[in-house]
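My entries follow the display.

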Amino acid sequence: MAKEKKGVRLEHISKIYQDPKTGKDFYAVHDANIDIAPGEFVTLLGPSGCGKTTILRMIAGFESPDEGQIYLGGEPINDLTPNKRDTAMVFQSYALLPHYNIFDNVAYGLKIRKMPADEIKEKVTRILGMVGLEGMEDRMTNQLSGGQQQRVALARALVIEPSVLLFDEPLSNLDAKLRVDMRNEVRRIQQEAGITAVYVTHDQSEAMAIADRIIVMKKGVIDQVGDPRTVYYHPVDEFVADFIGESNFLRGTLDEKDGDTGIATIEGHKVEVDGVSAHKIGDNITLVLRPEGAILADEGVLRCKVTLSRFMGSYQNYQVMVGSTLVKIQDFNPKMHKIYEVGDDAFVQFTKGDLHAL
């Protein structure tokens, strides 16, 4: 019989620490509300010190919330020790047993549970096949590459069949190319296992690549929750827009408005904009323009002067000045486009759909 999938729910969770310098209490996490569906892959994303790892450790039971309640599959788990929770953690450091081979590292948790030897062998063999380590059971962990060690750590967590798999920046010790390969593997394995996953990272591209939903955190609070496309194209504030990818911030004044559409003045130019229903005529307004959402042209919306032009293979990287505003542009497939050089006068061209009003 297949094991029932379980979700995770945090209700008004807060964690208070004491600043060792001042002796004053502060919120590492403040009033966090999160509802993770069974089988969902959710990423906690934010800079160092934002509270994402603290939330993960509270779900795992390594930290206790000072306020609020955590539920796993509808069951309150605040009072349960880590070993009593139906969760498993994949650590940044892998935490492998150096004197054990791959099989014994993966089987360790099952042996602690006093499972029969034949059942242990069946489970370990199946999980090693899932993570691509079949046939390597007898190899010692100090003979493995970083990526292979990560697979062992993942297999060890999966083999005990937890309802929730927790990842604490598991790929940060790998080189850039291997990180990309492994994040795809982590996502594939999570989907194949059908397991609920909570993944902590400060790497926005990693979060975008693997998550069903992203939870962006800032200074202990949840700033925005949404699927990758929503968070990228519709950030709720400048922090999210700047943290998730690159952004240009065009500042101006809203001159006209008709429902959700309006006209803004940016550096002396009239620009058609959407998403202004919350603004009033005369308001100062900030518009987010992604670098790939604009191109340079001989005619367009904003007159500019080119200050940087670099061929990057798949795109031409530009920096231009629109009045006193620096605008970054990534013009993809430049082989088919006119190339502008430093000092050239041009126009930044985009549509109102490329803008997002904050």
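These are my notes, element by element.

**Ground rules.** I worked on a predicted model, where local features need pLDDT of at least 70, side-chain atom pairs count only at pLDDT 80 or more, and totals for chains, interfaces and linings use all residues. Residues are numbered from 1 along each chain as its sequence is written, and side-chain values use heavy atoms, with hydrogens and water left out.

**Helix H5.** I took helices (H or I, at least four residues) and strands (E, at least two) as DSSP runs, numbered from the N terminus. H5 covers residues 176-193, and its end C-alpha atoms lie 26 Å apart. At the start of H5, a side-chain oxygen of aspartate 175 comes within 3.3 Å of the backbone nitrogen of lysine 177. Glycine 194 follows H5, with a positive phi near 70°.

**Threonine 43.** This residue sits in strand S3. Threonine 43 counts as buried because its relative accessibility is 0%. Beyond four places in sequence, its contacts (heavy atoms within 4.5 Å) include Tyr199, Ala207 and Ile214.

**H2 and H3.** Helix H2 (residues 102-112) packs on H3 at about 125°, with axes 10 Å apart. The contact involves, among others, Phe103 and Leu110 of H2 and Ile120 and Leu128 of H3.

Note on methods:
Expected span 1.5 Å × (residues − 1). Polar contact = N/O pair within 3.5 Å; in protein donor to acceptor, adjacent residues only side chain to side chain. Buried < 20%, exposed > 50% of the residue type's maximum accessible area, 1.4 Å probe, protein only. Axes fitted to C-alpha atoms, helices over the stretch in contact; angles between N-to-C directions.
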